[in-house]
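Have the sequence and the 3D view at hand as we go.

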Amino acid sequence: MEDEHYMAMAIKLASKGHTSPNPMVGAVIVKDGKIIGEGFHEGPGLPHAEINALEGVDAKDSTLFVSLEPCSHFGRTPPCTDAIISAGVSRVVCAMEDPNPLVSGIEVLRETGIEVDVGVLEDAARKLNESFIKYMETGMPFVTLKSAMSLDGKISTNSGDSKWITSSYSRKYSRDLRARNDAILVGVNTVLKDDPRLRSDIGKDPLRIILDSKLSSPLDSKVYEDGNVLVATTSACSEKKIGLFRDRGIEVVVCGDDSVDVIKLAAMLGKRGITSIIVEGGSDVNASFVRSGIVDKLLFFIAPKLIGGRTSPGPIGGEGIESMEQIIKLRGMRLEPLDGDMLIEAYPDQSR
């Protein structure tokens, strides 16, 4: 139980970091029953959690609790295993092994005689770094689909009005999620209707991706105010039209013929080092991602309001299904109250 207590602290510390494409990692050092050091990885290129926890403390014969296997290779920073060994740590408890094939920290530590235990609160540690794990194992970004809706499942009125369904607290919570992702994706209709900037309130701004199969979004849209944007279009667009965007410094990629192939787009983004994408599209964009089978997680923000109407859209559009045998089952559902609203988190069952 003591191991779980200290590991829970390490995982909580880890969640403070904004580390992509690196994993979030936290560390706690315990000696003679007392915590003598704490640390977390704040961001790429900055010291790792273990280094921050070891700074300024006498860690000889201590136990290090860390939410991920310590690194053993040179990257942006030196190996953490060297610092752990030099500090005289006698025991290391890891929540999980690192999926990065370059890391062999557990083996390195054991070879020097340090006791290493692995698997304490592993499920919690894996959930914390679900994006990093998927990217390391598949090379594809982790895709989160987010939508805000009324209690009766409507994302706007029949005239398209959606400001605002959820509370200001839910909207801020949602914007903060952007800083946890490498990219945010919307469809052209969102740009035409709302003219959003798609920025984050904290941390880094994600790459902004616009699905625009006909390049019909205005070049003076707020989303194009800087170069941190990519437009995914189709071969149906002329080179002249594509050139107008590129002349403005806007990156355009062709992914598909009549509609944007989101699987092809995701694979391309993965090759560019994009480890996670949050989709904030309308019902048609959401449907294309769900239909493709590449959505890893769903976040539905539900407000205690009723909109009604036969033509008011829901979060997942498209043609729908004909048989209950075609339904997409969800697992791991979690509910979180948010200032009067309710956040529902769930994962599509990939075994279907």
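**A covered strand and its surroundings**

In this predicted model, β12 sends Lys-297, Leu-299, Phe-301 and Ala-303 one way and Leu-298, Phe-300 and Ile-302 the other way, and all of them are buried. In a regular strand, side chains alternate between the two faces of the sheet. Seven of the seven residues of β12 are buried, so the strand counts as mostly covered.

Who are the partners of β12? Strand β6 (residues 142-150) pairs with β12 in the parallel sense over seven bridges, and here Met-149 has Ile-302 as its bridge partner. Strand β14 (residues 341-348) runs antiparallel to β12 and is joined to it by five bridges; Leu-299 finds its bridge partner there in Glu-345.

Met-324 is exposed, with a relative accessible area of 65%. Together with Ile-321 and Ile-327, Met-324 makes a nonpolar surface patch of about 300 Å².

Now turn to another part of the model. An open sheet of five strands is ordered β2-β1-β3-β4-β5, and its pairing is mixed. Because β2 (34-40) and β5 (115-118) stand at the edges with a single partner strand each, one side of each has no neighbour in the sheet. On average, neighbouring strands of this sheet are turned by 15° against each other, direction ignored.

Within this sheet, β3 (residues 63-66) and β4 (residues 91-94) run parallel and are joined by four bridges, with Val-93 of β4 as the bridge partner of Phe-65. Helix α1 (residues 2-14) lies across β1 (26-31), β2, β3 and β4, and runs at about 145° to β1.

Note on methods:
Residues numbered from 1 in each chain as written. Predicted model: local features only at pLDDT ≥ 70, side-chain atom pairs only at ≥ 80, totals over all residues. Heavy atoms only, no water. Pairing = 2+ DSSP bridges. Helix = DSSP H or I, 4+ residues; strand = E, 2+ residues; numbered from the N terminus. Axes fitted to C-alpha atoms, helices over the stretch in contact; angles between N-to-C directions. Contact = heavy atoms within 4.5 Å. Patch = residues over 30% accessible without salt bridge, like charges linked within 9 Å, V, L, I, M, F, W, Y side chains within 5 Å. Areas by Shrake-Rupley, 256 points an atom, 1.4 Å probe, with all protein chains shown as cover. Salt bridge = Lys/Arg side-chain N within 4 Å of Asp/Glu carboxyl O. Buried < 20%, exposed > 50% of the residue type's maximum accessible area, 1.4 Å probe, protein only.
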